[in-house]
Amino acid sequence: MILSCQNITKSYVGKDILKSVNFHLEKNDKCAIVGINGAGKTTLLKIILGLEEPDSGVVSIARDIRIGYLSQNQDTELDNTIYGAMQEAKKYLIDIENRIRELEKEMQEKTGAELDSILETYNRLCTTYDRENGYAYESEITGVISGLGFTEADYDRPIATLSGGQKMRVALGRLLLSHPDIIILDEPTNHLDMTSTVWLEGFLSSYPGAVIVVSHDRYFIDRVSNKIIEIDQGKSEIYNGSYSYYSEEKSKRRKALMNAYLKQMAEIEHEEAVITKLKQFNREKSIKRAESREKKLDKIERLDKPTEINTDMKLRLTPVCESGEDVLFVEGLSKAYGENKLFEDLGMDIKRGEHVALIGANGTGKTTILKIINRLVSKDSGSIKLGAKVRMGYFDQEHHDLDTSKTIFDEMSDSFPDMNNTRIRNVLAAFLFTGEDVFKKIEDLSGGERGRLSLAKLMLSPANFLVLDEPTNHLDIPSKEILEDALRSYEGTVLYVSHDRYFINKTATRILELRSSVLTNFKGNYDYYEENKDRLFALEHSGAGTQSPNAPAVSGSSVGAQDGLKSEGRLEYEKKKTAYAEQRKLEKELKRLETSINKAETELDEITGKLSDPANGTNAALLIELSEKKDTLEEELLEMYSRLEELRLNM
């Protein structure tokens, strides 16, 4: 056990935030802390880190345990380049390496006792350098930089010129490279695209230390965690498993707790009725019996009523009228900002009742596509056609539909002037705006509250085609689940952009991926996309001179009719054959490369062993020769590692 929290309690202004929180962490535990917004998750992290003191309870951390922390408000102002900032995390290794090189020069000039002393220091530093994986630290740095979405061209970019999100990624990279015994991350995926998030999942899953994360990204938690700590009404509940296990087990436990609570309430109600009856008899014996029962009743430890989060907010999205079968037809869509070409010749065809998720890396133009469809941004070329009886409703992640100078109530009443006050109040209550909350200024609302208000307006609109841009941003997990349920049961059509893979997996019937300026169609949810993304992308976009991969499917058309020579089936066969041949070629190269890497690593281990062998300690010439061989071999290995990573990404 490397960390233990025992009976942690914390209150602010008389309000209990944490009440007797208990859990412990083993060396390789991957733990996620979950709970609604305001449950006390970040407060618990600060108490663990010693940034805040608990009112009572103890945090115990094993000796010599190093903790690395990435907060939501991380200090990201560094006077360095991206690569330089990452190197700082490995400064201790760079210092050792520089000292080793100095000692190698000194060994050429010393003899006798002085040489023996230098050799002793040299061997000790080489052993430390090897144990800390110093020979691969540069490869590790480049791997982390690449994994977090930066390219080699970004290495020398000053951090001062980066966006806030990019600076947070640099801070995350520095933390990961420092290899603490416990990594603590507060919402680490907020500034990552899907590709970087998937990379981080792999990194943390295989990390040889403990991890604590606070996140609303359920897919991320599911992939990383083996323990869930739920903070509910200030108390902690432990679930030894992934998020999927927690979600299912939580439902079972809550049901059992509710049954126990209702049973106890029934027993108490019965006992109180008996006591009242006995007192009504107004006889000495009956009064004594009533008093005896009252004492017994007072000693009962009353159960708290389990929270029923999902019943607090009811979201029902119902189209006022049904659209035609064809909802949206886009053809030849192009958009560029100066020299930056986002996409060209895109097409999509969306039918009634489809729930389509538009996904892709940051900066590919997903939000721009939604804004073009809503006529908020002009297109460079192409056509956009809405079908018969289609009424579009747009959810903007920046909530431009809200007038921040108004109150919540005024925003609703001005948007829907025919609605009476009672109806407005009822709708707002369904989105957790009750009492005096409805008179809050919109400019004072949190991101999650603004999101809920925009959803409330969308629910009342006459739309049957919902276009949503990051609808789950700033929502806690229970609110996301409510929105998921509403969209799953929604009979209209939905097109949305989201980075929330769990949300996509639950609500999408089809996925359009925007990659390399082209769209690829996946007829399934996120799990289907994850399993088939590279294979289908290669199949759909490998051929030249065939039908445009982005052209909407038109009834009656076929590839065979266009080229006059080959049938659609034959073209598909040839595509698959070409893709398979390419795959086999990559597999053979990968196998050869892995053999070469194993051979080189074995040779490097032998050289390292000779360098560390005391028997060679007085042979300065041999040590210098071995060091030169090792440097050459390391450079070759770095090139092979780079090619290996490239091959694996392409397979």
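**View 1. Tyr243 and Tyr502, two buried tyrosines of a predicted model**. Both Tyr243 and Tyr502 are buried, where buried denotes under 20% relative accessible area, exposed over 50% and partly exposed in between (1.4 Å probe, protein chains only). The model is predicted: local features require pLDDT of at least 70, side-chain atom pairs count only at pLDDT 80 or more, and totals for chains, interfaces and linings use all residues. Residues are numbered from 1 along each chain as its sequence is written, and side-chain values use heavy atoms, with hydrogens and water left out. Rings of Phe, Tyr and Trp (its six-membered ring) pair if their centres lie within 6.5 Å; planes under 30 degrees apart are stacked, over 60 edge-to-face and the rest tilted. The count by this rule is 12 aromatic pairs. One of them joins Tyr243 and Tyr502 in an edge-to-face arrangement, at 5.6 Å centre to centre with 85° between the planes. Because Tyr243 belongs to helix α9 (residues 243-281) and Tyr502 to helix α16 (residues 501-507), the pair ties together parts that are 259 residues apart in sequence. Helices (H or I, at least four residues) and strands (E, at least two) are DSSP runs, numbered from the N terminus.

**View 2. The aromatic pair of Tyr526 and Tyr529**. The rings of Tyr526 and Tyr529 are tilted, with 5.3 Å centre to centre and 50° between the planes. Both residues lie in helix α17 (residues 526-541), three residues apart, about one turn of the helix. Tyr526 counts as buried at 1% relative accessibility, and Tyr529 counts as buried at 5%. Together with Tyr219 and Phe522, Tyr526 and Tyr529 form one aromatic cluster.

**View 3. Charged ends over the rings of Tyr337 and Phe537**. A charge sits over a ring if NZ of Lys or CZ of Arg is within 6 Å of the ring centre and within 35 degrees of the ring normal. The charged end of Lys335 lies over the ring of Tyr337, 4.8 Å from its centre. Over the ring of Phe537 sits the charged end of Arg515, 4.1 Å from the ring centre.

**View 4. Helix α12 and its packing against α14**. In α12 (residues 408-415), the buried residues include Ile408, Phe409, Glu411, Met412 and Ser413. Their cover includes α13 (421-430) and α14 (447-460). The axes of α12 and α14 are 11 Å apart at an angle of about 20°; axes are lines fitted to C-alpha atoms, for helices over the stretch in contact, and angles run from 0 to 180 degrees between N-to-C directions. The two helices, α12 and α14, are therefore roughly parallel to each other (under 35 degrees; over 145 is roughly antiparallel, 65 to 115 roughly perpendicular and the rest oblique). Ile408, Glu411, Met412 and Ser415 of α12 meet Leu453, Ala456, Lys457 and Leu460 of α14, contact being heavy atoms within 4.5 Å.

**View 5. Packing of helices α3 and α4**. Helix α3 (residues 91-107) packs on helix α4 (residues 112-131) at an angle of about 150°, with their axes 10 Å apart. α3 and α4 are therefore roughly antiparallel to each other. Among the α3 residues that meet α4 are Leu93, Ile96, Ile100 and Leu103; the α4 residues that meet α3 include Leu115, Ile118, Tyr122 and Leu125.

**View 6. Ile67 in strand β5**. Ile67 is placed in strand β5 (residues 67-70) and counts as partly exposed, at 28% relative accessibility. Not counting residues up to four places away in sequence, Ile67 touches Leu49, Ile61, Pro180, Ile182 and Ile184.
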